[in-house]
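Thank you all for making time this morning.

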Amino acid sequence: MAPPSSRRSSYSRRAQYGVFTGYVIAGIGALVGAVLLALSLWRPASFNGPRAVAGDAVAPAATASANVRAESQGLFDAIGGYLRAGSQNAELKKEVELARIRLAEAEALAQENARLKALLGLYETDEKPVAVARLIGSTSASARRFAYLGAGRADGVVAGMPVRSPRGVVGRVLEVGRDSARVLLLTDSQSVLPVRLAQGNVVAFAEGRGDSLLRIRLVNLGINPLKPGDVFVTSGAGGYYRPGIAVAIVAEKTEDGALARIISDPAATDYVAVEAIWQEDALRAAQTPAAEPVTE
Amino acid sequence: MERTDPRSRRDAYGSRINRTHSPALAYAVPWGTILLASLLPLFPIASAAPVVPPIGLMTLVAWRLVRPGLMPVWAGLPLGAFDDLFSGQPFGSAILLWSLAMIAIEAIEIRFPWRSFVQDWLIAGAIVATYIVAAAVVSGAHLYAPLLAALLPQILLSLLLYPIIARMISILDRFRLLRIWMIG
């Protein structure tokens, strides 16, 4: 049978107009899409409102599926551990891995402390996280890398806050709904993070590539001191992230830096903590035009 | 008659006596499944690279190809708007690309009215592959070569997934037309 659209719609004027109107609406739809697309590329925050509401609407279902996902991941871990050397093997390995990252972070902290002691009056306070929540989903079909977080404005989350897991930096909150928030992951190609080498004073930018790797670009070009296995931590420049949180491990050396694997892969993350912006006053000052007086 | 064959007055859609198709079910199933499919890539995994096929678009294309004449040409406008809320793409990209996909299928159907499943698969594959690349281009991401390379597994996965989705749609199509509405 020929498909309905290949058959004449009959001699009825009304039916013919109906088909014609369908084509017109489809064309208008494409045009509307093009205009909206141009608008949202020009001003990416234009449609945050409806998107946040939609995110809130699916948050309960997403949380439920995240629970199942975490439980099944735990199950697979336990089975894998048992098959190899008893079920605690998997757990111990995870602990050792964490300890290794902690060690690198501690070294970085020690250095940071030494540097800060030189600067009078500047010290950091260890603050409690704003919220602890699950990553409830991600845009796994799109070339952009966003994740959805199960905490929102009601929990005190504000756009710009850093998100970290026990392993390291996950990303930064981009927009906030009432009970959910959208997080820009480190691997997104629009994400740039100032980092420094955990052992040494090499500073660099970690840029997402869109696939699961980060590109490390050194600020001071010269002899490339990196080698595979080097750990990068946040440097604190920019004011968003607290310095000394693990970010990435160098996997491969390139001309102007390195390719690095992220330490805190969102696929392996269960709970994440949203932390307060590190230097909020400095950020506000940077955003205020010089002509305006800073007001509280 | 019923004594010799109890199913003599039934067909694949249920009893033919005293029952008819429910219009609500007949229209809710295709639109509902496409909306659900748009949500699906959100749930299973928080991945560091794009891996999951665009299941929303693939379901729309499958409904359009498996059951021509059911989805109107303009279906890309409302369904794309819904997909944009969750896909992470800039708002408007799915409205534009899904509308173009529906118009493209319409044009192909006028040129090739009689097709087998293999040709439908080719059409769906071409549309989904084009969509994935076009969506990456308009997504606002920096188009490094590694990002484009990361799209390849996604495209291959989509090609392999289409027959499964088409088969599921044909099962849902039979469910859609069950005679569950009592008349008289």
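Before I turn to the annotations, a word on how to read them: UniProt positions are given here in the numbering we use, and an annotation may be inferred rather than shown by experiment. Please also keep in mind that what you see is a predicted model.

With that caution, let us begin with chain A, where the UniProt record, an unreviewed entry, places a "transmembrane region" at residues 20-42. In the model, residues 20-42 of chain A are 100% helix and 0% strand, with 33 Å between the end C-alpha atoms.

For chain B, the unreviewed UniProt entry lists residues 24-46, 91-109, 121-145 and 151-172 under the name "transmembrane region". Of these spans, residues 91-109 of chain B are 89% helix and 0% strand, and their end C-alpha atoms are 29 Å apart, while residues 151-172 of chain B are 100% helix and 0% strand, with end C-alpha atoms 30 Å apart.

Now, how do the two chains meet? In the model, 54 residues of chain B are in contact with 55 residues of chain A. On the chain B side, the elements that give two or more residues are helix 3 (76-87), helix 4 (93-111), helix 5 (117-138) and helix 6 (145-176), and helix 4 of chain B gives the most, with ten residues. That side of chain B is made up of 39 nonpolar, 13 polar and two charged residues.

One pairing across the two chains can be followed in detail.

Finally, the nonpolar cores. The largest has 64 residues, and those touching the most other members are Leu149(A), Val183(A), Ala206(A), Phe232(A), Val247(A) and Ala260(A). Leaving aside residues up to four places away in sequence, Phe232(A) touches several residues, including Val195(A), Leu197(A), Ile216(A) and Val247(A).

Note on methods:
Residues are numbered from 1 along each chain as its sequence is written. Chains are lettered from A and ligands numbered from 1 in the order in which they are written. This is a predicted model: local features need pLDDT of at least 70, side-chain atom pairs count only at pLDDT 80 or more; totals for chains, interfaces and linings use all residues. Helices (H or I, at least four residues) and strands (E, at least two) are DSSP runs, numbered from the N terminus. A nonpolar core is a set of buried Ala, Val, Leu, Ile, Met, Phe, Trp, Tyr and Cys residues joined through C-beta atoms within 7 Å. A residue is buried if 20 or more other C-beta atoms lie within 10 Å of its own, exposed if 12 or fewer, and partly exposed in between; C-beta atoms are placed from the backbone. Two residues are in contact if their C-beta atoms, placed from the backbone, lie within 7 Å. Ala, Val, Leu, Ile, Met, Phe, Trp, Tyr, Cys and Pro count as nonpolar, Asp, Glu, Lys and Arg as charged, and the others, Gly among them, as polar.
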